[in-house]
Amino acid sequence: MTADVYPQPARPPGPARPPQARHGRTPLPGRVLAGVTGPLLLGLCGVLVAGERAYRFHEMAGARWFVSHALGLRTLLLAAPDAPVLYAGDASGFGRGIALTTGCSSALLIAPLALLAGVLLLFGTRGPARVLLGFVLAAALVVAANLGRLTLIVAMQHRYGDEGFGWTHVLFGSVLMMAAGLVALLLFLFLITRASAHDAEVDAP
């Protein structure tokens, strides 16, 4: 006698899984945000390059505010043909003026960041909110570092004269801005890289 063999019953189908978003696909609100802010950042880069002279004047005006309120010094800001010049002193008079040239302006570091962020928003797959956050934080860090550097140069020159100016401008100030630029770039890259890993985790099936 032989036993009849029956096929194993098929398992009932499970609940249908919702369709997964395609890897690297940015949602519609993110694409709209990138489409709007990307050209704005590219335009900002152009404005910083073409209008860097006006930017330097406003940057020096910010430094003047800090010198007046933090150091309590009398200040005078002149828009010279080549560069804005800030004079600071006490009741006895003003000391040597400090000029803010192109090489000493934060625009030199912010413009490339704006260009990179604009290109990533328009042609990259990074999260637009993370790219914008990275740019804002990096640019704010650079601006704050340069304003602090200018304030320190004025303070040291007022206190120690040309020797104080040389130490803070040529040595300490240069190192400070190079470090600030490096930290700003690393912060920007960290934020957009973290966003990329997060997106990959979300989009994984």
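The points below comment on a predicted model of one chain.

1. Overall content. The chain has 205 residues, and 33% of them count as buried. DSSP assigns 5 helices and 4 strands, and their order along the sequence is α-α-β-β-β-β-α-α-α. Contacts between residues 24 or more positions apart make up 67% of those with a separation of 6 or more. The accessible surface is about 12,700 Å², with 69% of that area on carbon and sulfur atoms.

2. Confidence. The mean pLDDT of the chain is 83, and 82% of the residues reach at least 70. Helix H3 (residues 107-123) has the highest confidence, at 94, while helix H5 (residues 162-203) has the lowest, at a mean of 80. Two stretches need a caveat. The pLDDT is below 50 over residues 18-23, a stretch with 8 contacts in the model beyond near neighbours in sequence. The pLDDT is also below 50 over residues 200-205, where the corresponding number of contacts is 11. Where pLDDT is low, predicted coordinates should not be read in detail.

3. Main core. The largest nonpolar core holds 24 residues; Leu41, Ile110, Ala117, Leu121, Val131, Phe135 and Phe188 are the members that touch the most others. At least two residues of this core come from each of H1, H3, helix H4 (128-160) and H5. H3 gives the largest share, 8 residues. Leaving aside residues up to four places away in sequence, Ala117 is in contact with Leu41, Val131, Phe135 and Phe188.

4. Arg56 and Glu52. What do the side chains of Arg56 and Glu52 form? They meet in a salt bridge, with an N to O distance of 2.7 Å. The two residues are 4 apart in helix H2 (residues 52-71), so about one helical turn separates them. Arg56 is buried, because its relative accessible area is 3% and the cut-off for buried is under 20%. Glu52, at 18%, also counts as buried.

5. Arg96 and Asp162. The count of salt bridges is 2. Besides the pair in point 5, the side chains of Arg96 and Asp162 meet in a salt bridge at 3.2 Å, N to O. Arg96 is in the loop between strand S3 (93-94) and strand S4 (98-99), and Asp162 is in helix H5, so this pair ties together parts that are 66 residues apart in sequence. Arg96 is partly exposed, with a relative accessible area of 45%, and Asp162 is exposed, at 51%. Asp162 belongs to H5, the helix with the lowest mean confidence.

6. Nonpolar surface patch. Which residues make the nonpolar surface patch of about 390 Å²? The patch is made by Leu28, Val32, Val36 and Leu40. Val36 lies in helix H1 (residues 28-50) and is partly exposed, with a relative accessible area of 48%.

7. Leu33. Leu33 is also a residue of helix H1. Is Leu33 buried or partly exposed? Its relative accessibility is 33%, so Leu33 counts as partly exposed. Not counting residues up to four places away in sequence, Leu33 touches Gly38, Pro128, Ala129 and Leu132. The C-alpha atoms of Leu33 and Leu121 are 8.6 Å apart in space, although the residues are 88 apart in sequence. Leu121 is one of the members of the main core that touch the most others.

Definitions and conventions. Residues are numbered from 1 along each chain as its sequence is written. Side-chain values use heavy atoms; hydrogens and water are left out. Patches are made of residues with over 30% relative accessible area and no salt bridge: like charges are joined within 9 Å, nonpolar side chains (Val, Leu, Ile, Met, Phe, Trp, Tyr) within 5 Å. Accessible areas come from the Shrake-Rupley method with a 1.4 Å probe; for residues, only the protein chains shown count as cover. A salt bridge is a side-chain nitrogen of Lys or Arg within 4 Å of a carboxyl oxygen of Asp or Glu. Buried means under 20% relative accessible area, exposed over 50%, partly exposed in between (1.4 Å probe, protein chains only). pLDDT is the predictor's confidence in each residue, from 0 to 100. Contact means heavy atoms within 4.5 Å. A nonpolar core is a set of buried Ala, Val, Leu, Ile, Met, Phe, Trp, Tyr and Cys residues joined through side-chain atoms within 4.5 Å.
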